Structures are given as C-alpha cells and as structure tokens.
Amino acid sequence: MNAKRLCWLDLRTTSAEQVDAVVEEAVHQRIDGILTSDPAELLDLPPTVKKVLLPPPGELPDDIGGADIVILHGGAAERAAAQKAHPSAEFGRYVEIIDAESLDEAVVAANTERWSVLDFRDPTKIPLEIVIAAAAEATGTLITLAHDVAEAEIVYGVLELGSDGVLMPARAVGDATALKQVSIAPTGELELVELEVTATAHVGMGERACVDTCSYLGKDEGILVGSHSKGMMLCVSETHPLPYMPTRPFRVNAGAIHSYTVADRGRTQYLSELTSGSKVLAVDTKGRTRTVTVGRVKIETRPLISVDAIAPNGQTVNLILQDDWHVRVLGPGAVVLNSTELRPGDKVLGHLPTADRHVGYPIDEFCREQ
C-alpha cells in the first residue's frame, strides 16, 4: 500500500463529444492516470499522466498505444505472455468482486500484483476493508473503482488508510476537478503562534455554539475560533475533567455564533453555519490537523466574555466565549486555560490566516475587520 492517493479517470463511458474536454481538464488538474479500452485515446496524452489500457477480456491488441500500464482480466500466464510481448509496459490485474471466491482473488492480486484494479459490485465497503487489511504490507498499488465523487471520498478513507487510488468514470467536465479535490488528504499542519492576552471583558448575553463532532478529540486538540477571519484562538475540547459534569471528548464549546472557524480545505465558516454533516478542522497544539465531521451544533443563550490578544507581529485577535469557568482555550505546551481566569500577559495559542475571505474562501482583496 502507498501513501499517495492516486486519481485515475475512466474514459470508457465518456461520450465522444466530451473526451477532448475531459482529457484537457484532467491534464490541467494533474490527474495521475487516464484509463481507456481504446489505445488510440492514449496516443496524444502528455507524459505527466499515466496511460492506462484496460482491454476487453482476451483482446489485448498488438498496438497498445504507448500505454504505461496495461490491466488484464486474465490469469498469471496471460499477463506473463503480454509482458514478454510489451516489455516497456507495466502490467496489472482487474478483479470484479461478486462473491467470496472473487474476494479471495482480489486479496491475492493486491498482495502479488504491481497494479490491482478492483471493482466491487455490492455497495458495502466490508470487502474493500478486507482487501486493504490483508494487503497492508504489500508493495503493489491498489486502485478501486468508484461510481461518483461521493463514493470516491469514502473509498479514500476506508479503514483510515483507504485505497491507494480511485478509478472514476469521467462523465463530464468537472469530474476530474472534483475527484482531485476529494483525493487531497485532509491532514496537514498549520502554523500556530503564541498570542499574549491584553484584556478581557464581560459583554453580556448572546448565543454561543457548542460544536459536537463525530470523533473523539485529544486532550491537546480543539478547533480554531475567532471574531475575525485573520486571527483565531485554539479552543480545547471537553476532554479534561470538570466538576459537576462528565467529560464530553467529542465537544468544543467554541464561542459566539458570529465567530469564524476553519473548515476543511482551508475555508472559513461561521459557527452559526455549521450543521450535521459539516466538516471542521481539528488542530492540536503542535499544529497538526485532521478533518472531523460535525454531528450536531448546540446554540443556546449564555453570558459571554470577550478575550483580546496580540500576536508577535502586532496583529490583534479577539475571541468571544461563553462566560463560564469550564470553557477553556489552549496555551503553549498544551496548558489548559480557563477563559474566566485569563489575565493580561497570559499566553494562548492561535493561528493567523493570511488571506482575506469572500464567502469563506481565501481571496486576494482588501478587507478590513474591526
């Protein structure tokens, strides 16, 4: 199994009118492979994309169109003969999984072949889980067929490892871009900075949001929240013991509803916009991130406290939280700080996005927030 998530587009069902435009978009998006059953469709592809040929069973042509990879339906003897006839190409195996016997064949292919293209005909992902687990130490590459972008995203995440790659039909322009977007691993790192608290103030009543995620969050993990899109503080999850109530390690008491948080792919969203199924970025005190799914957002009227802080570059940051001792933020070294006990000079962790925002997306334009 490989770390990189590969994107392959399947031209076999693409209409003749759409092929040129789909290929142009795929090349522009740096799609990893383009698969077809027609060698002629491979001839003009640039070297930046893998040329993948999947001929009908038993019909390998003499001219493979300069294919880099040839996927065959047959057994080892057929692949060995084809490799001898076309020594410059790499060969792999296509397996359609419809029952226990074909699942066993998929496991063998995943463990022995350089390339395995797997087509699971049932909607359950349990057979794919079995193949991924069985081939965890294999050196070959596993490509799984997905019928659309939604399924591709699921395939990339099965067993938290996912298939090495997805083969998705290209039905129209836009499919390559969508596939590339869901292939991007949701983990990464953000630069966190130490912010110095300059003032706190009780600001009266207002609505605040608790963000309940579908994941357990760590003791040094939370979400970034701020009144302005260019400055946020790291609000910790309720993983630390509290008097009078149990811990809720899936929850972040995040702040007033007008506040920004960082969603997946770097977009910001208001806390008031989050709903069941939304994605937010969980961040730990080392800046490591992962995308988590929102299960519920609880918005209730509570007393609020405003926390002002300043970054080393002089930039000011504000966060408005529920005015209660048990609502906490994170400081350097994963220190947990109660919001009502913050004093000028205390240090908290934050993030300073650099781009201005339009409907949550980064954009290079003038924008003043105050």
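1. **Cysteines.** The sulfur of C210 is 11 Å from the closest cysteine sulfur, in C235, and that is too far for a bond. A disulfide here is a pair of cysteine sulfur atoms within 2.5 Å. By this rule the count is zero disulfides. C210 has 2% relative accessibility, so C210 counts as buried. C7, at 0% relative accessibility, counts as buried too. The terms are set as follows: buried is under 20% relative accessible area, exposed is over 50%, and partly exposed lies in between, with a 1.4 Å probe and protein chains only.

2. **Basis of the model.** This is a predicted model, in which local features need pLDDT of at least 70 and side-chain atom pairs count only at pLDDT 80 or more, while totals for chains, interfaces and linings use all residues. Residues are numbered from 1 along each chain as its sequence is written, and side-chain values use heavy atoms, with hydrogens and water left out.

3. **Overall picture.** The protein chain has 370 residues, and buried residues make up 49% of them. Its secondary structure comes to six helices and 23 strands. Helices (H or I, at least four residues) and strands (E, at least two) are DSSP runs, numbered from the N terminus. The C-alpha trace spans about 80 × 45 × 30 Å along its principal axes. A contact means heavy atoms within 4.5 Å. Take the contacts between residues at least 6 apart in sequence: 58% of these join residues at least 24 apart.

4. **Helix α1.** This helix covers residues 16–28, and its buried residues are V19, V22, V23, E25 and A26. An α-helix has 3.6 residues a turn, so residues three or four places apart point the same way. What do the buried residues of α1 pack against? Their partners are β1 (6–10), β2 (33–36) and α6 (175–183). A21 is also found in α1, but A21 is partly exposed, with a relative accessible area of 33%. The C-alpha atoms of A21 and G174 are separated by 9.7 Å, although the two residues are 153 apart along the chain.

5. **Two backbone angles to check.** Most residues other than glycine have a negative phi. R30, which follows α1, has a positive phi. The value is near 60 degrees. R30 sits in the loop between α1 and β2. Is R30 buried or exposed? R30 is exposed, at a relative accessible area of 54%. A334 is not a glycine either, and its phi is positive, about 65 degrees. A334 lies in the loop between β19 (328–331) and β20 (335–338). A334 is partly exposed, with a relative accessible area of 27%.

6. **Strand β4.** In a regular strand the side chains alternate between the two faces of the sheet. In β4 (residues 69–72) both faces are covered. I69 and I71 on one side are buried, and so are V70 and L72 on the other. Strands count as paired if DSSP finds at least two bridges between them. β3 (residues 50–53) pairs with β4 in the parallel sense over two bridges. Four bridges join β4 to β5 (residues 90–97), and these strands run parallel. V70 stands opposite F91 in β5. L53 stands opposite V70 in β4.

7. **Strand β7.** Five of the five residues of β7 are buried, so β7 is largely enclosed by the rest of the structure. T141, I143 and L145 point one way, and L142 and T144 point the other way. Four bridges join β7 to β6 (residues 115–120), and the two strands run parallel. S116 stands opposite L142 in β7.

8. **Cavities.** A cavity is a set of points, on a 1 Å grid over the protein atoms alone, where a 1.4 Å probe fits but cannot get out; lining residues have an atom within 4 Å of a point. Grid points are joined across faces, edges and corners, and a volume is the space filled by probe spheres set on the points. How many cavities of 30 Å³ or more are there? The count is two.

9. **The second largest cavity.** This cavity holds about 40 Å³ of space. Its lining includes F120, D122, K125, T144, L145 and E151. β7 (141–145) and α5 (149–157) each supply at least two lining residues.

10. **The largest cavity.** Its space comes to about 60 Å³. Among its lining residues are V236, E238, H240, N253 and R328.

Terms used:
1 Å grid on protein atoms, 1.4 Å probe; cavity = no way out; pocket = protein on both sides within 12 Å on 5 of 7 lines; lining within 4 Å.
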